[in-house]
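Colleague: Could you walk me through this model, starting with the ligand and moving on to the domains?

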Amino acid sequence: MTIITHATTPFDGQKPGTSGLRKKVRVFAQPGYAENFIQAVFDVVERAPGTTLVIGGDGRFHNRVVIASAIRMAAANGYARVLVGQGGILSTPAASHVIRKYGASGGLILSASHNPAGPDEDFGIKYNIANGGPAPEGVTDAIFARTRTIDRWLEEDAGAIDLDHIGTYRIGAMDVQVIDPVADYADLMESLFDFPAIRAAVDGGLRMIFDAMSAVTGPYGTEILERRLGFPAGTVRNGTPLEDFGGHHPDPNLVHAHELYEAMMAADAPDFGAASDGDGDRNLIIGRGRFITPSDSLAMLAANAHLAPAYAGGLKGIARSMPTSAAADRVAAALGIPSFETPTGWKFFGNLLDAGMVTICGEESAGTGSDHVREKDGLWAVLLWLNILAVRGISVDALAREHWARFGRNYYARHDYEAVDSAAANALIAELTAALPGLAGRSFGPLTVAVADSFTYEDPVDGSVSANQGLRILFEGGSRVVFRLSGTGTEGATLRVYLERYEPADGAIDAETPAMLADLIAAAETLAGISRHTGRTRPDVVT
Ligand code: G16
C-alpha cells in the first residue's frame, strides 16, 4: 500500500471550543477541512509508536465520510490499530470506555452533541486522550496552533472503508477492528449497578419511558433497558439513530423533549421518564409529575449513590461546573467529603477524577457522570436513578421532597439567548466585566451584591490556570446570577444567564421556580442590559 501526501493550506477558525471543533456540515465538507484538523491532532498528540486509536460518532450526517477519511489517515500516521464502532456508531461515554478498556492512546469522536444534524446543520470532531476524557486545554491549544501552520496531510491509499461488518481487516500496516458499539458499554453498566434489584422492581410494575431522540442512545437503551433489565418493548422511544435525528434537536431539555415532559405530567404517566442527547452523554430526568433539574439530579444522585454496588464504599468527592447550582456542595458537606467548582466543560473534571479526588461530577447542562469513564454519561445517570428508586421503593417526587426537606432547595433556571450578534454579545460581556469592581454592596430590588467577579480556575492537580470562565454576581443569602457565552454554538453567539436562589430547609421549598427567580431575572436585566445589547426581550430557551 502507498501513503499519499496531500499538500494543504490552513483554514481559519479551527479552534476547539468547549467540546471540540463544531461547525456547520458545509464548513466541514470543504475539501481538506476535516483532514487538516485530524492531521493537526495526529501531528501534536503524544503517543508511543504503534498505538491504538478509537473512532466513533453519533451517527449524524457526514459521519461515515469523515470516519473513512480518519481511518485512512490513521494508517498513514503510524497507528497500529483502529477500533471503530459498527456503522461508525459509538456514544461519547461508550467511546470513553473503549479507549480505557483497550488501552488506546486516544480517540476521535465525531459529534456535535445535542446540535441538530443534516446537510445544513452541525458536525463536530473531538479528540479524547488516553484516560478516555476530552483533551485538556494544553492539548487543544497545541492542536489549534498546528492548524495554523499545517501544510500537508497524510493518507493511506486504501479506497472504500467497510464500517458495517464486525471483524478485523488490514489497511497498509494497520488493523481496522469493527466492534459491537454496545456490548462493552452494556457490560460496564451491569458491573456498576444492582441490575437484579431493578429487574425485580420492573417485575413489580416499575414503568418508564426512555426517549433516545432518534440519536445514538437508541441501541444502548434497547439492549440495557429492554433486553437486560426487562422493561417492556416500546419503553425506548425514537430508538433508531437517524442521520438527521428525525429533523429534531436532540437536546434533552423541557423544550426539545416536550413530548416526554407532557407524557410524564399526564395522569397516566409511568413512574420514570428520561432522555439522552445526540451523542449519549447528557440526560433528562422526570418523575411522574416532577421534573428534576440537572443540578438537583447531581445532588440527589450523590446523596443516594451508596445504594449502587459501585459506590457502596462512599464517594471521594463531588465536582460541579461553576454555573451548576450549589445543591451538590451541601450534600458533600453533609457527607464530609470535598467539593470542587470547575469551569464549564467536562475536560476540567479529568484531572480530579484521575487523581482520585472525586467520584461523581455534574453540570447544569444535563451532564452527570462518575469515575467509571471520563465523559458525562446519560444512561449511567438513568441507571443510577433506577437503581436508587428500585432499592428504596420511592417515587421521584417523594425523593425530591425528602431531599429538599433535608438540604434546602436551590431554585434554578438557565436562560439562553441564541444566535445573538457576536459583537453585541461581546459588548455586553465587556461592559459587565468593566462594572464588576463597583458592584459589591449595590442593591437590585431586594437583592444586595456580596461579591462580583470573573471566574478563574486553578486546577488543584496540575496548577494550570483558566481565566475568563464566566461572570458571577453573588448576592447576600446565597442567590446568584452568572453570565457567560457558550463555547458550543455554531451561529453567532449564545448568551447564557444562570439564575439560582437558595431556600433553606425551613423556607419555601415547595414553590414554583419562575416566581422564586423573578427578582433575579429582573436584576440580571438591570445588571447586564440584555435587551439593550441584544434587542431580545425574552430568552429563546429556558431550561
Ligand atoms: C459540552 C461540554 C459540557 C458543557 C456543555 C455546554 O457538552 O462537554 O461540559 O457544559 O457543552 O457548554 P457551553 O455552555 O459552552 O455551550 P456537550 O454535551 O455539548 O458535549
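Colleague: How far does a backbone N or O atom of Gly345 lie from an oxygen atom of the ligand?
Modeller: This is a predicted model, where local features need pLDDT of at least 70, side-chain atom pairs count only at pLDDT 80 or more, and totals for chains, interfaces and linings use all residues. Residues are numbered from 1 along each chain as its sequence is written, and side-chain values use heavy atoms, with hydrogens and water left out. A polar contact here is a pair of N or O atoms within 3.5 Å; within protein, one must be able to donate a hydrogen and the other to accept it, and residues adjacent in sequence count only if both atoms are side-chain atoms. For the backbone of Gly345, the distance to a ligand oxygen is 3.2 Å.

Colleague: What share of the ligand's exposed area does the protein bury?
Modeller: Accessible areas come from the Shrake-Rupley method with a 1.4 Å probe. Taken alone, the ligand exposes 460 Å². Of that, the protein buries 99%.

Colleague: Happy to move on! Which three residues supply 25% of the area that domain 2 buries against domain 3?
Modeller: The domain assignment places domain 2 at 185–407 and domain 3 at 409–542. Between them about 2300 Å² is buried (accessible area, 1.4 Å probe, lost on being put together and summed over both parts). The 25% from domain 2 is supplied by Met322, Asn351 and Trp404.

Colleague: And how many salt bridges does the rule find across that interface of domain 2 and domain 3?
Modeller: The rule asks for a side-chain nitrogen of Lys or Arg within 4 Å of a carboxyl oxygen of Asp or Glu. Arg472 and Glu341 form a salt bridge at 3.4 Å, N to O. Across the interface of domain 2 and domain 3, the count is 4.

Note on methods:
Domains from an automatic or database assignment. Buried area = accessible area lost by both parts, 1.4 Å probe.
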